[in-house]
Amino acid sequence: MNYEGQICRAPMERASFMLPVMVGCSYNGCKFCNLFRHLKYRVLSMEVIENELKRVKECNGSPKKIFLGDGNAFDLPTDHLLSILKMIRDYFPKCEMVNMDATVTGILKKTDEELKALYDCGVRHLYLGIETGLNDVLVFMNKDHNLSQAYEAIERIQNVGMIYDAHIMTGVAGKGRSMENAEALAAFLKKTRPAHVVNFSMFMHNEVPLYKEVAKGTFVQADELECIKEERRIVELLADSETPIVYDGFHDFIEFRVRGTVPKDCGKMIKKLDEAIAHYEEEEPIYSRVYGQCPNLQRCDNGADVWENPTYICNDLDKSFKCDTISKD
Ligand code: SF4
């Protein structure tokens with residue numbers, strides 16, 4: 001299969017067989033996201049999906065875990081998803097679970113019976129873009145859900161036995177609001193009990209609508225030091241989590257990562273974060289700003305290139321490209 005777009009999935013899925021069932025994201029509206037902005041959303045035909053299953057089987061593949069791509073596969077109509085899951089079972093009866101990204105609104109559109117049927121056909125982990133614990137930030141970022149909807153969706157998938165994993169984003173609340181966001185997020189995570197939390201700290205690309213907000217002055221970006229401090233506070237607050245959470249935090253722009261299981265590993269994670277904080281307190285502020293297309297993203301020189309040279313703004317939105325995963329193992 002000719003994969004279209006950027007492969008971006010949680011690190012826990014790096015060994016899964018990635019089976020695209022759609023191209024892009026049917027929502028494609030989050031202000032900070034440039035993953036699928038250049039792609040025309042479409043659902044792949046059953047024939048294309050079956051050919052890919054056949055190809056892997058003919059290579060003697062026998063995946064235990066399958067990850068359905070792309071941006072929000074769980075939002076597909078339930079009947080269609082069930083047909084895909086049945087086909088997976090026919091080709092790979094030993095497959096133990098099928099995981100995918102989901103949106104809160106996509107979950108809420110499904111009935112409890114539909115959720116149960118999907119669980120019975122192998123769906124286990126759903127990765128939700130929670131991003132923030134603050135309602136006004138969800139609105140500003142055009143996330144298409146609010147916190148009470150997120151609580152409801154998570155409770156409903158957990159009730160049928162599915163496992164919820166949270167994607168969060170330090171820096172999403174902007175400069176000066178990192179502690180407020182850390183406290184709200186930690187409270188949300190403790191109540192909702194995800195199995196995994198992945199922090200993809202803000203990575204500002206000049207193609208995204210949020211870039212225009214920065215240029216207008218309606219969003220002030222937090223620097224990397226503030227994002228690391230925000231993450232430190234989240235980890236510190238998760239030290240009294242009643243359930244273990246596997247935490248993985250990526251600050252790709254400065255190539256910093258902190259991971260562990262909270263609460264067990266909170267001490268060593270905080271130590272690592274404190275070392276990074278001490279280091280970046282001695283540096284000029286660093287802002288995660290990039291332009292270009294993955295995998296050839298380029299860093300901006302103090303933001304000057306991306307903010308001052310409009311020719312870097314992507315004007316070729318229909319062009320597909322292939323690249324490697326953004327997250328690292
Ligand atoms: S963050 Fe997720 S839901 Fe939002 S536009 Fe990107 S892929 Fe779609």
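Guide: Here is a chat about the sheet, some helix pairs and the ligand shell. This is a predicted model, in which local features need pLDDT of at least 70 and side-chain atom pairs count only at pLDDT 80 or more, while totals for chains, interfaces and linings use all residues. Residues are numbered from 1 along each chain as its sequence is written.

Visitor: OK, in what order do the strands of the open sheet come?

Guide: The order is S2-S5-S6-S7-S8-S9-S11-S12, eight strands with mixed pairing. Strands are DSSP runs of E with at least two residues, helices are H or I runs of at least four, and both are numbered from the N terminus. Two strands pair if DSSP finds at least two bridges between them.

Visitor: And which are the edge strands?

Guide: Strand S2 (17-20) and strand S12 (256-262), each pairing on one side only. From one strand to the next, the twist averages 20°.

Visitor: How many bridges join S9 to S11?

Guide: Five, between residues 196-200 of S9 and 245-251 of S11, and the two strands run parallel. Phe 200 sits opposite Phe 250 in S11.

Visitor: Which strands does H7 lie across?

Guide: Helix H7 (residues 178-192) lies across S7 (123-131), S8 (163-168), S9 and S11, and runs at about 170° to S8. Angles run from 0 to 180 degrees between N-to-C directions, with axes fitted to C-alpha atoms, for helices over the stretch in contact.

Visitor: Switching to helix pairs: at what angle do H1 and H2 pack?

Guide: About 20°, with the axes of H1 (residues 46-58) and H2 (residues 78-91) 10 Å apart. So H1 is roughly parallel to H2 (under 35 degrees counts as roughly parallel, over 145 as roughly antiparallel, 65 to 115 as roughly perpendicular and the rest as oblique).

Visitor: Who makes the contact?

Guide: Met 46, Ile 49, Glu 50, Leu 53 and Lys 57 from H1, with Ser 83, Ile 84, Met 87, Ile 88 and Tyr 91 from H2. Contact means C-beta atoms, placed from the backbone, within 7 Å.

Visitor: How do H9 and H10 cross?

Guide: At roughly 160°, and the axes of H9 (residues 224-237) and H10 (residues 266-281) come within 10 Å. That makes H9 roughly antiparallel to H10.

Visitor: Last one: what surrounds the ligand?

Guide: Among the residues around the ligand are Cys 25, Tyr 27, Cys 30, Cys 33, Phe 36, Asn 72 and Thr 103, where near means a C-beta atom, placed from the backbone, within 6 Å.

Key:
Contact = placed C-beta atoms within 7 Å.
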